[in-house]
Amino acid sequence: MPDWKQIVRKNLGVFEVCSPEFTEELAAHLEDNYEALLGEGLPTEIAFQHTLGQIEGRRRIWLVLRFLQEELMTGFMREAALPGLMTSAATGLFYWTLALGHIRGNVIWLLGGPLPLWWWCLLPICGALGAILSRRNGRSSLQRIAASLLPSVTLGTLILLLFAIGFTLSGFVNHYQLVSARLESLGLVPPGFAIIPAAFSLLGAAIAEVRTKKFRPLA
Amino acid sequence: MAAVNAQIKRGSAELAVLTLLAENPLHGYEIAKQIEAQTGGVLRFDMASLYPMLHRLERKGWVKAEWHTLPNGRRRRCYRLTAAGRKQIAPLRAQWRAFFQALESVTGFQNA
């Protein structure tokens, strides 16, 4: 009798790490399948190959994908984090496309520096995308808001973290101009890359919400 | 027998499994084989569809899995229906009945 547990471990190592119980369950399934084929009168080698075929090639990839989809894509991940991640990716893509197209952010000078107006104008699309994806997968309005705001929240956190590190280092250097420059940019960067983008994203999410409600089919 | 589209199969799988487990606890292989036998091979689950779905049902609290040692000394993870799972069967049946009635009214597939 082949050691099916060992065979599953060899072919599907990812399950051994994520869920050893799943490995044992799959091995038990293969064992039963193998014995059923032998019971039908198939030669040992053919029964073995036939059973092994269930966890090889295309079927192995499909099994891993389905496992990951079911085990990892649950709850918060499916309803808020993934839509949020997609929204963040779209936000970044827009920003870098504008940068590559030399559509610079020196459109307005609100707080003494260049601010990415064109990027802001594209952000409602990202916010709407986050809200729609979250609605498709989830339920609550809070999760839809979280999904559409994730890029701004992430950027805001990152910016504050960078400033905190910057100030700490400036303290060590004790250079007045450096601190002054940081204070100046503190007034420019968080609004430009976190607060105003959040507002634009929310605007997109709100539009998506209204449009979806308006065109929701009658139950 | 005509092959069934994967999407339809996926949607009907939960009801088929819950209904089967309402009778008695079974392990994965038995579930797959019984469904295949009872549907004349129309519904056939491979490992990639069956086990992730069983784990999803377990997470929802509709089934409970426990390791049992069989008389031959082998361990099998058996699934049994919980009270919450039992409650799901009637609404799922009603949904499928409504779906088929709606489909029938459009396509007249019963007379096809």
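Mentor: Helices (H or I, at least four residues) and strands (E, at least two) are DSSP runs, numbered from the N terminus, and the expected span of a helix is 1.5 Å times one less than its number of residues. This is a predicted model, in which local features need pLDDT of at least 70 and side-chain atom pairs count only at pLDDT 80 or more, while totals for chains, interfaces and linings use all residues. Residues are numbered from 1 along each chain as its sequence is written, and chains are lettered from A and ligands numbered from 1 in the order in which they are written.

Trainee: What span does helix H4 of chain B reach from its first C-alpha to its last?

Mentor: Helix H4 of chain B, residues 83-107, has 25 residues and reaches 37 Å, close to the 36 Å expected. After H4(B) comes Gly108(B), with a positive phi near 60 degrees.

Trainee: How many of the 25 residues of H4(B) are buried?

Mentor: A residue is buried if 20 or more other C-beta atoms, placed from the backbone, lie within 10 Å of its own, exposed if 12 or fewer, and partly exposed in between. In H4(B) the count of buried residues is 1, and the helix is hardly covered, while across the 112 residues of chain B, 21% count as buried.

Trainee: Which pattern does chain B follow along its sequence?

Mentor: Chain B, which has 4 helices and 3 strands, reads α-β-α-α-β-β-α.

Trainee: How many residues does each chain bring to the contact between chain A and chain B?

Mentor: Two residues are in contact if their C-beta atoms, placed from the backbone, lie within 7 Å. Here chain B gives 13 residues and chain A gives 15 residues. On the side of chain B that touches chain A, H3(B) has the largest share, with 7 residues.

Trainee: Which residues have the most contacts inside the largest nonpolar core?

Mentor: A nonpolar core is a set of buried Ala, Val, Leu, Ile, Met, Phe, Trp, Tyr and Cys residues joined through C-beta atoms within 7 Å. The largest one has 33 residues, and those with the most contacts inside it are Val8(A), Leu26(A), Leu50(B) and Val63(B). Among the residues that Leu50(B) touches, not counting those up to four places away in sequence, are Ile31(B) and Phe45(B).

Trainee: What is the mean pLDDT of chain B?

Mentor: pLDDT is the predictor's confidence in each residue, from 0 to 100. For chain B the mean is 85, and 87% of its residues reach 70 or more.
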